[in-house]
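Thank you all for coming; I would like to take a few minutes to walk through one structure with you. Please have a look at it first, and then we can go through it together.

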Amino acid sequence: MTGGHPPDVGTGPLLAYLRSQAAYCASHGSPLYGVLGGFLADDVEAGGPTADLLAAWIGPQVRPETISDDVPLLRLFGGLHRLVLARQAPELALYFPSVGGTADPAGARPVLLAALTTHERVLRQTLERPPQTNEVGRSAPLLGGLAHVAGWTGGLPVRLFEIGTSGGLNLRADRLPVGPGQLIDSPLPAVVAPPYEVVERIGGDLFPVDAETTQGRLILTSYVWPDDVRRLERLRAALAVAVDVPAQLLRIGAADLVESIELRPGMVTVLWHSVMWQYLDAAERARTLAAVAALGAQASASARFAYVRFERGPDPGADRPWRHEVRLSSWPDGVVDLLIGSAPAHGVPVDWSTVA
Ligand SMILES: C[S@@+](CC[C@H](N)C(=O)[O-])C[C@H]1O[C@@H](n2cnc3c(N)ncnc32)[C@H](O)[C@@H]1O
């Protein structure tokens with residue numbers, strides 16, 4: 001740790017970001033991160049250890065958009081949460097509901113700042129990594145899409161491919177507790193679908209996270225807000241399922257994976273994705289869609305192909321929450337881009353009444 005960052009040199013955009021990110025956390029389910037974020041912003045202003053850690057986002061050369069794209073506060077929170085979950089920051093853990101902490105966050109400032117110094121080396125590494133979650137609430141819209149496919153294909157065995165799969169947890173959607181009153185609490189579409197079996201589960205991601213390892217589980221858990229108990233419960237249930245239901249995870253870009261898929265007779269090959277399309281550049285989107293169209297053109301009554309996606313819908317306008325849409329294409333049925341439902345970003349609950 002160096003001797004402190006001069007408090008008034010180019011900290012303005014970082015401070016504005018930290019305060020607005022903290023306010024966002026406070027109003028979207030994490031009062032804890034709201035309070036801790038305020039302490040960290042104060043510390044940047046005072047030129048304390050937080051300013052040293054976040055020095056890459058301080059200075060006249062740093063654009064405000066870079067800071068809000070990089071979300072350094074969420075990176076830092078992920079690192080701190082990981083230390084807490086790994087039982088390496090016991091004093092900080094007293095404030096984290098994810099490990100049973102109940103202490104009032106108002107008293108957390110000294111242990112928070114001490115943790116930045118004690119764990120500086122590890123935290124610097126975590127600041128290099130963008131936050132990465134795998135939201136299993138999104139298994140509800142994806143599974144609803146699969147129910148439609150099963151209905152149309154008469155329950156053919158399913159080969160499941162996912163791009164932007166993260167930890168591959170939604171590749172186990174058919175084995176997760178999804179449905180009304182379940183942990184992943186959402187209605188399912190009112191379609192008559194015969195039972196079907198998922199015989200292959202293959203996911204690709206530029207940064208796949210192996211949910212079958214302790215390190216992978218820690219990474220996925222650390223980016224869930226520690227006081228968002230419902231999401232943590234859903235995630236833990238899915239991590240347990242992942243141990244029993246294997247999936248193959250590949251380090252591969254979206255377009256490359258879709259271009260490598262071959263259809264098989266007697267089966268329906270399903271490609272799906274959720275909340276990843278926004279990360280593809282125009283060229284990769286075009287390649288991915290061309291590969292989807294090529295698979296559709298090859299599909300036959302025996303070797304079938306379906307494409308399910310849960311992605312952001314149109315801009316709803318000022319201050320209204322974004323809806324995410326469940327859309328479905330199926331070949332050779334001639335179903336193209338059918339809107340079958342919509343849901344909040346985390347996937348639950350799905351409103352299936354939007355069926356077109
Ligand atoms: C917001 S996460 C969503 C993960 C998962 N689909 C879910 O719904 O929980 C976006 C994921 O897309 C991955 N990703 C970003 N660009 C990608 C690309 N070009 N090809 C494949 N995966 C990509 C990221 O690494 C990340 O795991």
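Let me begin with the ligand, where the shell of residues around it divides into eight nonpolar, seven polar and four charged. Please keep in mind throughout that this is a predicted model.

Which residues come nearest to the ligand? Of the 19 residues around it, those are Gln132, Glu135, Arg138, Asp205 and Ser274. For two of these I can give distances: an N or O atom in the side chain of Asp205 is 2.5 Å from an oxygen atom of the ligand, and in the side chain of Ser274 an N or O atom is 2.6 Å from a ligand oxygen atom. Gly164 takes part through its backbone, where an N or O atom lies 2.8 Å from a nitrogen atom of the ligand. As for how much of the ligand is covered, taken alone it exposes 600 Å², and the protein buries 90% of that.

Turning now to the chain as a whole, we have domain 1, covering 12-126, and domain 2, covering 136-354, with their C-alpha centres 32 Å apart.

How do the two domains meet? In terms of contacts, 17 residues of domain 1 touch 11 residues of domain 2. The size of an interface is often given as the accessible area lost when the parts come together. Here domain 1 and domain 2 bury about 1,200 Å² between them, with 67% of it on carbon and sulfur atoms. Between the two domains there are eight residue pairs in polar contact, both residues at pLDDT 80 or more, whereas the count of salt bridges between them is zero.

Key:
Residues are numbered from 1 along each chain as its sequence is written. This is a predicted model: local features need pLDDT of at least 70, side-chain atom pairs count only at pLDDT 80 or more; totals for chains, interfaces and linings use all residues. Side-chain values use heavy atoms; hydrogens and water are left out. A residue is near a molecule or strand if one of its heavy atoms lies within 4 Å of it. A polar contact is a pair of N or O atoms within 3.5 Å; within protein, one must be able to donate a hydrogen and the other to accept it, and residues adjacent in sequence count only if both atoms are side-chain atoms. Accessible areas come from the Shrake-Rupley method with a 1.4 Å probe; for residues, only the protein chains shown count as cover. Ala, Val, Leu, Ile, Met, Phe, Trp, Tyr, Cys and Pro count as nonpolar, Asp, Glu, Lys and Arg as charged, and the others, Gly among them, as polar. Domain bounds come from an automatic or database domain assignment. Contact means heavy atoms within 4.5 Å. Buried area is the accessible area (1.4 Å probe) that two parts lose on being put together, summed over both. A salt bridge is a side-chain nitrogen of Lys or Arg within 4 Å of a carboxyl oxygen of Asp or Glu.
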